[in-house]
Amino acid sequence: MPCSLYLESAYSFNGSNITIDALIDKAHSAGMRYLALADVKMHAAYKFYHAAQERGIRPLIGVQIDIEPYYKDTPLALVAFAQNQNGYLNLMRLASVTAPVSLSSVADYTNGVSFVLNPHKGELKLLLEEGANRAIKSIVQEVSSLCDDVYYGLQSPERAPVPIKSVPFDHVSFLSDNDAETYQTVQAILKGKQPSIDALKDRHFKDAQALRKRFGKEAMDTVQKFCEAHALKLDFATPKLPRFPTPDGIESARYLHALAQKGLEKRLLQRNVDAKLYQKRLKHELQTIHELGYDDYFLIVWDVIKHARKRHILVGPGRGSAPGSLVAYSLGITNIDPVEHGLLFERFLNKERMSMPDIDIDFPDRSRDEVLRYVHDKYGADKVALICTFGTFLSKSSLRDTARVFEIESRYVEEMTKKVGEYGSVSKMLETDKDAQNRLQNENTGKWLRVAAKVEGLPRHVSTHAAGIILSESSLFEHSPLQEGLLGIRQTQYEQGDLEAMGLLKIDFLGLKNLTMIEDVCKRIEKHDGKQIDVNKLPLNDANTFRFLREGSTTGIFQLESKGMRRLIKEMRLKNFSDIAVVLALFRPGPMESIPTYLKRRHKEQRPESVSPAIDDILRPTEGILLYQEQIMAIAHAFAGYSLSEADILRRAVSKKDRDVLMKERQNFVAKATRNGRDEKTAQKIYDYVVKFADYGFNKSHSVAYGLVSYWMAYLKANYPAHFLAVLMQNGLGNENLMRLYMQEALEQGLNVAPPSINHSGVTFVLEKKTLYYPLSGIKNISADKAKELVEVRGGKRFKTFIELIKATRHLFNKRHYEFLIHAGTCDEFSMNRQTMIKNLDGLLEAVQYGESIDLDEFVFSEHSEFDFEILKRYEKEALGFNLAFDELAPHEEFIQKQGYLLPSNLQEAPIKRSVKVVGVLKSVKEVSTKKGDAMAFLSIGDRVVTIDAVCFPDAYRRCQKHLSERVLLFRGRVGLRKGKRQFEVESVEPLSS
């Protein structure tokens, strides 16, 4: 049974809502023997081919090619179809060329390819509408020169307007007539235009009978022959890793062995460890790596990291399961000793599992591109590619985007987008929610919701995988069509799942902002204190670091700064590095349920329950709680005699919670345990325990590795707080809430944050004694480049007067720049108020234009009184994004700290029901009446960081009322709980007397 030849899926991103699964289901139900796909690119070709094959359907793969126009301003549209394996390879080449292309550039890729002139779009469509048969004939002659297999696509049973082979070319954009409106809507969203329903007539999927009725039997016989000639049976070549260029062509395995051996000896130098244990494990890992064929992979990754370090780029300690490899540690790929931390190689690479190795590498986010460029240049432009990914219409975006097309009132949109979060999908909401079902009854909102449900989940654009690159020994054109990508590096048209199914190797290079921060802090320390900090050599038992952590001083610390995490850290009273890894593994959905039990056991308030003495030692580091995946593997190995490879398979199997798998694995576990001399009843009990916690288990390798990044940051903050906070605040520029939070943190560390200064400030925060000067680059309209030039002009000297500043920088700045410098406070040190400088600015700048003919030192300033407080405050906020010098609490900071008063931002940590004194800015007062008619009030009290709600009950309100016209006040009261939330209960108020 033949099929429509011109079918576009949602991966053409032009309105089609046809997904591959739905298409295959439809074709299978219709009894189709053949099925064609002819998208704009080949994004869906691989998955389409395999999905069709699995259902017994013979696939045809085509791709649209735009040729440079002959007579019109729009390209000539062709569709190229692969006839065989060579044709498929050439199709990938054709799909990789940036359109429109010249006909001559297509000529090199015609072997095994047929071309159909597409009458549905482009230049041919326009010429047909004009009846320009002579031009059409000329174009057909040109295209026919490509090869013998050129066809004219027929839109109807009529003959082609020129003598050439022809084939019915039915255009399909949606599966059923009911989807025409969805196609219209997606077109409007993606293309900004909406075709009429009439224009979409007959664009639905048709079975063979419908096609025969439309085109006639004779014409469909030609389609049948076309399908037979183009139905594919492909042999996807098994890709190979690039070979690492070893010195003198030495065998990769030998070179890797030598590097790992040398690296391990260096790692163990002057360490009191069992060297034989390390050597035995290294030998085992190297043997496994070689047997699996990954010697070159490890060498490639080692070389990339060596290059990064040579370029003084900080490399993360590892992530994922790679830190479980001693070879990776010996090569310096990871910086975690897996033996010391009880990490398992088989969790990373396992002969029984036959999965690809997955070494993900973290770099500072500003350096990732440089590393990518190195790999690209070393292994070749056609052998390294970025990976494409697809953005999709999510639940809320499908509702909002379709609502704009249907012009739905915003209140309905907000109502539905808020509600859909409860259900997870628009479809589920429409099936379940009564309000949504009521909306379906209305013609307009009903259409909107039904279409939104169909749009949800469709791909909406092509993007780039955040981290992954693909490497191949042979040209990637043999495996995937490519397209232009970022950084001048090509990008695959197939997504990650397709590439991995082919066997292509992926390496993830991730840009981690926290590593950039660590680099910046270390550079500041070296510049200001003359100390070189190598975070890889930091002692992991620094008392000051753990004191900071126990106090909950985790603002800005990777993974440790959320309120819940901060609370857990305080309750745990961290003692050592292993505790950080435990915190990261515990503070996740699932394991969180075990936190109360863990804490009681940790603080000796409860004894751990022993599942069996045989596994107590394995669970002792986590207080008898199965927390890590490696513990599952260790239990299976120690108790039941599994090899570690088998134990990893068990770990994966039980975590899936499949009933049949669980039963099979239970029998296997008990049988192995009894053969290992264990009691059957105990084996059953331990297996039940493992199953219960299997999906809670966290990868310890990852927890330890990322715990190390957290420790690095905590160490730097604890020991070099000024430099740490300077970098933290630099990263927070432009975010008022973050800046207020970080400035409060600086205050608590005994640091003063001063407004920007024309003579003290730099491009970034400058530290002088205990003062951090706000950076020039943080002033609006002053770019980092402008700030850098200003610092260079200043040199080692200082501007003594406002005139001197103008004379030295007139080539840099215009009036607007100077206004923002003044409003930000940079010029306050010139002993001249801000209004005077602003009012004289025009005259000064005009005088500057005359150059040396006017002596600016004789310029006479007109004197003006200073702007009032509110104007200064408004201008400062405009220049900085928040208030620094003119914050109402700023004049009182030293007094507040000296008296030990709290600020509203500290109340979250204040004990319940204990009397506290809080200084804050009264933002609002709302008076209400109780049921008895007594007056009381709800207050809003703020500081630089937060605004909190407070309550003033009737008795207290009578006492406080006389002071509530003031702005800065000292509040006495208690923190209470109302409906589980903290609430500040004000008992008395008085003006702040500082």
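With a relative accessibility of 42%, E409 counts as partly exposed, where buried means under 20% relative accessible area, exposed over 50%, and partly exposed in between (1.4 Å probe, protein chains only). The model is predicted, so local features need pLDDT of at least 70 and side-chain atom pairs count only at pLDDT 80 or more, whereas totals for chains, interfaces and linings use all residues. Residues are numbered from 1 along each chain as its sequence is written, and side-chain values use heavy atoms, with hydrogens and water left out.

**Salt bridges**

Side chains of opposite charge can pair when their charged atoms come close. A salt bridge is taken here as a side-chain nitrogen of Lys or Arg within 4 Å of a carboxyl oxygen of Asp or Glu; by this rule the count comes to 48.

| Pair | Closest N to O |
|---|---|
| E409 and R411 | 2.7 Å |
| D221 and K217 | 3.3 Å |

The partner of E409 in its salt bridge is R411, and R411 is exposed, at 52% relative accessible area. Elsewhere, salt bridges that share partners join E736, R740, K877 and D887 into one network.

Helices (H or I, at least four residues) and strands (E, at least two) are DSSP runs numbered from the N terminus. D221 and K217 both belong to helix α9 (residues 217-230), where they lie four residues apart, about one turn of the helix. D221 is partly exposed at 35%, and K217 is exposed at 55%.

Because E370 sits in helix α14 (residues 368-379) and R311 in the loop between α12 (295-310) and α13 (326-331), the pair ties together parts that are 59 residues apart in sequence.

**Helix α32**

The expected span of a helix is 1.5 Å times one less than its number of residues. The twelve residues of α32 (residues 721-732) should therefore span 16 Å, and the end C-alpha atoms are 16 Å apart, in agreement. Ten of the twelve residues are buried, including H723, F724, Q730 and G732. Through contacts (heavy atoms within 4.5 Å), the buried residues pack against α21 (513-529), α31 (700-719), α33 (736-748), β15 (752-754), β16 (766-768) and β17 (771-773). After the helix comes G734, whose phi is positive, near 95°.

**Nonpolar cores**

A nonpolar core is a set of buried Ala, Val, Leu, Ile, Met, Phe, Trp, Tyr and Cys residues joined through side-chain atoms within 4.5 Å. The largest has 104 residues, and I518, L716 and F802 have the most contacts inside it. Helix α31 supplies the largest share of this core, eleven residues. Leaving aside residues up to four places away in sequence, I518 touches L314, V535, V709, W712, M713 and L716. Another core, of 92 residues, lies apart from the largest one and has M42, I65, L94 and F115 among its members.

**Largest pocket**

On a 1 Å grid over the protein atoms alone, a pocket is an open set of points with protein on both sides within 12 Å along at least five of seven lines, and lining residues have an atom within 4 Å of a point. The largest pocket is lined by 44 residues, of which R309, N335, D534, N536 and K537 lie nearest its centre. Two or more lining residues come from each of α10 (252-268), α12, α13, α21 and α31.

How values were computed: 1 Å grid on protein atoms, 1.4 Å probe; cavity = no way out; pocket = protein on both sides within 12 Å on 5 of 7 lines; lining within 4 Å.
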